[in-house]
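Please look at the sequence and the structure before reading on.

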Amino acid sequence: MRAYGFLGVGGPDQEAFLDVPVPEPGPGELLVRVRAAGVNPGDWRMRRGEYGIAGPAVLGREVAGTVVATGEGVTDVAVGDEVFGGCPGMVGGWAEQALVTASFAAHRPSSVRPEDAAALPVAAGTAYDALNALALPVGATLLVNGAGGGVGIPTVQLARARGLRVVGTAGAGKQDLVAGLGAVPVTGGDGVADRVRAAAPDGVDGVFDLVGGDALRAVAPLTASGRLVSVADKPLVAHLGGRDVPRDRSTAVLDALAALVAAGELDPWVRTVEPFERSGEALARVEEGHVLGKVVITMDGA
Ligand SMILES: NC(=O)c1ccc[n+]([C@@H]2O[C@H](COP(=O)([O-])OP(=O)(O)OC[C@H]3O[C@@H](n4cnc5c(N)ncnc54)[C@H](OP(=O)(O)O)[C@@H]3O)[C@@H](O)[C@H]2O)c1
């Protein structure tokens with residue numbers, strides 16, 4: 001079958017369409033015919049070698065599709081079911097058929113498009129888990145650093161639904177988007193901490209960082225270290241006294257997210273849908289670092 005991935009660790013020149021065998025679902029795995037697959041910064045991080053996979057390997061860590069086979073011990077999903085979920089080892093999704101971890105898969109409600117479902121496990125799932133990790137009380141103020149990105153957008157929506165006040169940093173072109181989601185928008189860059197203080201005169205009760213580096217250093221002092229989490233720069237957040245977000249990669253979380261999408265309470269903000277043939281362009285859009293919302297790949301004929 002055809003797949004898109006990388007031949008060896010490196011830059012975009014390592015990417016290629018690959019001819020690979022259809023994988024066999026092992027215990028606790030599903031094999032799906034892929035309809036749509038999410039694109040995430042983790043995909044270019046994988047190709048750059050950050051996760052220790054040398055390649056050749058198929059990229060893609062989340063998909064929506066139709067179950068064509070189930071592995072040993074799978075009881076809640078049957079052949080023909082429409083599902084979405086995360087891929088074992090965070091690889092293999094950008095292919096005609098892909099494995100999905102059954103314990104991190106859920107049935108896709110018919111009212112939720114495959115393109116939207118495929119964008120939920122990584123970005124919205126991380127948003128969901130970060131809010132649980134911070135556990136801020138109703139009325140508290142959350143700063144989302146990088147509020148206009150794939151994780152930031154669902155974070156703002158879920159935080160508002162929990163009754164939090166939200167201040168969100170974003171580039172100049174995403175201020176209206178962030179405001180439209182119910183957050184107070186603030187531009188990033190020099191002086192960001194002062195702009196956040198002005199937007200939240202009573203202080204910030206928690207920070208969820210999605211940028212890392214200097215942008216994380218700039219906002220870290222705004223909250224107590226116990227209320228600082230980042231998924232963008234794990235070494236730096238630990239150095240600053242904060243922490244990573246423990247992920248709950250479970251069917252229960254995916255069911256909750258899909259129900260919110262079906263109810264119109266969560267929009268994963270899929271604004272770029274590329275055909276499989278343009279997988280490289282799709283990844284380049286995300287790797288550039290300022291894409292608007294989520295990018296999703298759709299498979300031929302799916
Ligand atoms: N569980 C995990 O470990 C996990 C899961 C998901 C994501 N992540 C990580 O989380 C990060 C964000 O993921 P994502 O999917 O949201 O990425 P994304 O869609 O590319 O969004 C990144 C955001 O960062 C903002 N940004 C970029 N450079 C900036 C700067 N110098 N100052 C301020 N803002 C800046 C961009 O906003 P503007 O365009 O407005 O500048 C954009 O909204 C990535 O590092 C990803 O690898 C980790």
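Leu283 touches Glu15, Val39, Asn40, Asp43, Trp44, Arg47, Leu59 and Trp94, leaving out residues up to four places away in sequence; contact here means heavy atoms within 4.5 Å. The model is a predicted one, in which local features need pLDDT of at least 70 and side-chain atom pairs count only at pLDDT 80 or more, while totals for chains, interfaces and linings use all residues. Residues are numbered from 1 along each chain as its sequence is written, and side-chain values use heavy atoms, with hydrogens and water left out.

- Leu283 belongs to helix α10; helices (H or I, at least four residues) and strands (E, at least two) are DSSP runs, numbered from the N terminus.
- With a relative accessible area of 0%, Leu283 is buried; the classes are buried under 20%, exposed over 50% and partly exposed in between, with a 1.4 Å probe and protein chains only.
- Between the C-alpha atoms of Leu283 and Val138 there are 37 Å, and the two residues are 145 apart along the chain.

**Nonpolar cores**

- A nonpolar core is a set of buried Ala, Val, Leu, Ile, Met, Phe, Trp, Tyr and Cys residues joined through side-chain atoms within 4.5 Å.
- The largest core has 46 residues, and those touching the most other members are Phe84, Leu142, Leu164, Phe208 and Leu257.
- Two or more residues of this core come from each of α3 (120-134), β9 (141-145), α4 (152-161), β10 (165-170), α5 (175-180) and α9 (251-262).
- The most, 7 residues, are given by α3.
- A second, separate core of 30 residues includes Ala57, Ala282, Leu283 and Met299.
- Leu164 is in contact with Leu131, Leu136, Pro137, Val138, Gly139, Ala140, Leu142 and Ala159, with neighbours within four places in sequence set aside.

**Aromatic rings and charges**

- The structure has 3 aromatic pairs; rings of Phe, Tyr and Trp (its six-membered ring) pair if their centres lie within 6.5 Å, and planes under 30 degrees apart count as stacked, over 60 as edge-to-face and the rest as tilted.
- Phe17 and Phe276 form an edge-to-face pair because their ring centres are 5.3 Å apart and their planes stand at 85°.
- This pair links distant parts of the chain, 259 residues apart: Phe17 is in strand β2 (residues 15-19), and Phe276 is in the loop between β14 (270-275) and α10 (279-287).
- Phe17 is partly exposed at 32% relative accessibility, whereas Phe276 is buried at 0%.
- Tyr4, Phe17, Trp94 and Phe276 are linked into a cluster by ring pairs.
- The charged end of Arg2 sits over the ring of Phe17, 4.6 Å from its centre; the criterion is NZ of Lys or CZ of Arg within 6 Å of the ring centre and within 35 degrees of the ring normal.
- The charged end of Arg271 sits over the ring of Trp269, at 4.2 Å from its centre.

**Backbone geometry**

- Gly55 and Pro56 are joined by a cis peptide bond, with omega about 0°.
- Pro56 lies in the loop between α1 (41-47) and β4 (57-58).
- Met90, in the loop between β6 (82-86) and β7 (97-101), has a positive phi near 65° although the residue is not glycine.
- At 22% relative accessibility, Met90 is partly exposed.
- Ala135, in the loop between α3 and β9, is another residue other than glycine with positive phi, near 50°.
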